[in-house]
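I opened my notebook to go through this model entry by entry. Here is what I looked up.

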Amino acid sequence: MTNPSAAGEIAKTGVANTAAADAAATPNTDVSTGLSREAATELQKTYGPNALPETKTSALQRLARYFWGPIPWMIEAAAILSAVLGDWADFAIIMTMLLVNAGVDFWQENKAGNAIEALKKRLALTARVLRGGAWQTLPASALVPGDVILLRIGNITPADVRLVKGDYLSADESALTGESLPVDKKLGDLAYSGSVIKLGEMTGIVTATGARTFFGKTAQLVQAAGSRSHFQRAVLSIGNFLILATVALVAVILIAALFRQTPFWETVQFCLILTVAAIPVALPTVLSVTMAVGAERLAQMKAIVSRLVSIEEMAGVDILCADKTGTLTRNELTVADVRPVPGVAPADLMLAARLSSNPDDPDAIDKAVFAAAGADAGNAGFKIAHFTPFDPVSKRTQAKATKDGRVTLFSKGAPQVILDLVKPDAADRKRIEGEVDTLAKDGYRALGVAQKDGDAAWRFLGLIPIFDPPRDDAAATIATTKKMGLSIKMITGDHEAIARQIAGKLGLGSNIESAEQIFDGASAQDVGERIEQADGVARVLPEHKFKIVKALQGRDHIVAMTGDGVNDAPALKQADAGIAVSGATDAARAAADVVLTGQGLSVIASAIEEARRIFERMTSYATFRIAETIRVLIFMTLAILIFDFYPVTAIMIVLLAVLNDFPIMMIAYDNTRVPEMPVRWDMRRVLTIATCLGLMGVGETFLLFWYLDAVLQLPRETIQTMVFLKLLVAGHLTIYVTRNQRWFFSKPWPAGRLFFTCEATQILGTLIAVYGLFVTPIGWTYALAIWAYALAWLPIESAVALTVRHFLDHRTAREAVHLERVEAHVLTH
């Protein structure tokens, strides 16, 4: 076991200072008697229970939030109007949609609460406390600052504690600080709440409880983290656009009806149905279903999605912040190439290291030595007579072994301690110390090993470098994600040298900066720029990780964060896509959006690829829905204003809405291409393409209406049915245009579910029009003519959509080049 790294010491300085400040405010407790019951009761009133506070919202309040906002307002208005007019069927349908939307999203309200609960479970349930001169076992929640408590092997530290009595303590803080090794504690040091005692026994005074502890501050960060997703903002933008358009055009129809003295309530009824058909009642549901179907596929890839909107966020991720310990690395120490001194065989060096390790209760270093020696390695005839375990005072282990009646001593530990034991000449000591420094610069910790044969002097056998190796698939995953347009940032609590060594093995780059250097007095913009340019950040605390994510988000990046420990929970919660790797703590899993159940990081690349497919499906639906709303609304409005004619009846609008619902639900299962680079909602692009297609559809329908009315002079009832069939057939064909970024007939071809559902509903609508179910019959001749007309426009629509996409791509590229030039000019001057 070694001392904590410099990284860990520096990383904890801020927390130690805070805890020390808390300690200064506690009473001067007598270590021999502890607090009196009266004093503890008063302090409990002042500081409260040793528990994490949480804000609870009633179920009614949570439910009410789902019915507040532009889209719910419009749906609720339509429902109220249906009730006033006595149209209870429409009322029931609208309210059902509202409740379904609420049901799909209800679980999101419990996210922060779940994370806090998982963090609370790590608190020790009981503690050994000295009060009134007597030791007693009390609930951890009863602890107050100033309490004297006993910490021994196996305990979970119940609060932040200043150690005041005892020889030594070793605490595993890996889940809190990211340290790979247990940390040795001495008198005056702080033991942090939630850390696990691995060795030793010490008495300490509680300095901070509940939310004031290092652990509690992490929990508060989780509770405060989180932001509105890009998906939610996109749905809001689409909804606002369609609602404003609907309200404006319906208002125009109502005004025209008043001037023309059309029966008012008939007009209101028609406008109601038109509103319900036009506004995006099912928009959140369809997009949520699309993501839910994608979530099932991700689960098959061993990626469990806990927050549906994170799928869309993953599609747009352009920076992946990867926690080093346990994420990029295995979180298990490994022996590198051993460095025996001249005249000593590597096998003899490893034998000595093995014999000076504890086989009954191995620590992290002992496990690494045993693993390197091999399961079949023997003791070469040596029998262990006595073993002295590592302690922070001697900083080494020692084994007394016998063989053929002779006694041999073996020892391993910190190189400087072993050198003091061996007492080599100055030249050899300088050479070995230089080798230790070189290993440290390369990111390795070094162990010294020595042997003493009988009465002979101790002799130095060599150095054993140890490190936390990368996961087997990490390098390949990083290379794959880079090709997908992602920038990878390593985030670690370790020293820069260790970070550079791992980064070199993974092909990440060597520009590793410390969190102190980045955040020391720098502005938010400077912080964001430095993190953008860095390949990784070392010496990181939980609040640093949180700030790193926030800084990158402030630079308009969509950020994913991987992690596995309690210390990662705040950043996982704040990130656009928080990813808890396999074996993560409960707190990390509760705070994350995606939980990996398979080993390694390769599933991340697959998850991002699938997320981009899902995003393409959602974009396809949004474009189609806006285009269809424009087609129906503008055509209806202009026909009423110009010709004083309702081109479709109320029942036809209902039929259109119902028949459209089936194929659009199948978009969730469609085949789509995988974008090569990160994608995000570009509302200007979506609205531009949808508006062009929508206006084109209006022109097509008006041309048809003119021909049927002016040229063929068909009865208005027949024209209404033919317009209905045209809107249905052409509308379904538009799905084939919006789903493909290239020509409508290009690969990937539509999935079977989408294609057959589209054609089935078109055929059903055709039968309704031909045989006159709820409408005026038109016969097969006119029906087939409408099909031919709609099919003739399909390649034209595809060509228009392709042209608009190329224009927008070219414009976006020009804007990107211009932005780069502006940034270069600013940096230059």
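Helices here are DSSP runs of H or I with at least four residues, numbered from the N terminus. This is a predicted model, so everything below is read from computed coordinates.

**Entry 1: Phe-91**

I began with Phe-91, which is found in helix 5, residues 88–105. Is Phe-91 buried, exposed or partly exposed? I count Phe-91 as partly exposed, because its relative accessibility is 28%, and buried would need under 20%. Next I listed its contacts, skipping residues up to four places away in sequence. Phe-91 touches Ala-79, Ser-82 and Ala-83. I also checked Ile-80. Phe-91 and Ile-80 are 11 residues apart in sequence, and their C-alpha atoms are 7.5 Å apart.

In what order do its strands run? I wrote down 8-22-21-20-9-17-19-18, eight strands with mixed pairing. Strand 8 (303–305) and strand 18 (512–514) are the edge strands, and each pairs on one side only. From one strand to the next the twist averages 20°.

I went through some pairs in turn.

- Strand 9 (residues 319–323) and strand 20 (residues 559–563) run parallel and are joined by four bridges.
- Strand 20 also pairs with strand 21 in the parallel sense, over four bridges.
- Strand 21 pairs with strand 22 (residues 594–596) in the parallel sense, over two bridges.

Then I noted individual bridge partners. Cys-321 has Met-561 in strand 20 as a partner. Gly-563 has Ala-580 in strand 21. Ile-579 has Val-594 in strand 22.

Which way do the residues of strand 21 (residues 577–580) point? I found Ala-577 and Ile-579 pointing one way, with Gly-578 and Ala-580 pointing the other. All of them are buried.

I also looked at what lies across the sheet. Helix 19 (residues 496–506) lies across strand 17 (487–491), strand 18 and strand 19 (536–538). The helix runs at about 155° to strand 18.

**Entry 2: cysteines**

How many disulfides does the structure hold? I recorded zero. Cys-321 counts as buried because its relative accessibility is 0%. Cys-692 is partly exposed, with a relative accessible area of 29%.

**Entry 3: helix 25**

I checked the length of helix 25, residues 602–643. Its 42 residues should span 62 Å at 1.5 Å a residue. How much of helix 25 is covered? Helix 25 is mostly covered, with 33 of its 42 residues buried. Asp-644 follows helix 25 and has a positive phi, near 50°.

**Entry 4: backbone exceptions**

Most residues other than glycine have a negative phi, and most peptide bonds are trans.

I noted Lys-423, whose phi is positive, near 55°. Lys-423 sits in the loop between helix 16 (415–422) and helix 17 (426–441). I count Lys-423 as exposed, because its relative accessible area is 67%.

Gln-713 also has a positive phi, near 50°. I placed Gln-713 in the loop between helix 27 (683–711) and helix 28. Gln-713 is exposed, with a relative accessible area of 62%.

Which residues does a cis peptide bond join? I found Lys-747 and Pro-748, with omega at about 0°. Pro-748 is in the loop between helix 28 (716–738) and helix 29.

**Entry 5: Thr-766**

My last stop was Thr-766, in helix 29, residues 752–771. I count Thr-766 as buried, because its relative accessibility is 5% and the cut-off is under 20%. What does Thr-766 contact beyond its neighbours within four places in sequence? I listed Leu-725, Trp-780, Ala-783 and Trp-787. With Trp-787 there is also a polar contact: the side chains of Thr-766 and Trp-787 are joined at 2.9 Å.

How values were computed:
Residues are numbered from 1 along each chain as its sequence is written. This is a predicted model: local features need pLDDT of at least 70, side-chain atom pairs count only at pLDDT 80 or more; totals for chains, interfaces and linings use all residues. Side-chain values use heavy atoms; hydrogens and water are left out. Two strands pair if DSSP finds at least two bridges between them. Axes are lines fitted to C-alpha atoms, for helices over the stretch in contact, and angles run from 0 to 180 degrees between N-to-C directions. Contact means heavy atoms within 4.5 Å. Buried means under 20% relative accessible area, exposed over 50%, partly exposed in between (1.4 Å probe, protein chains only). A polar contact is a pair of N or O atoms within 3.5 Å; within protein, one must be able to donate a hydrogen and the other to accept it, and residues adjacent in sequence count only if both atoms are side-chain atoms. A disulfide is a pair of cysteine sulfur atoms within 2.5 Å. The expected span of a helix is 1.5 Å times one less than its number of residues.
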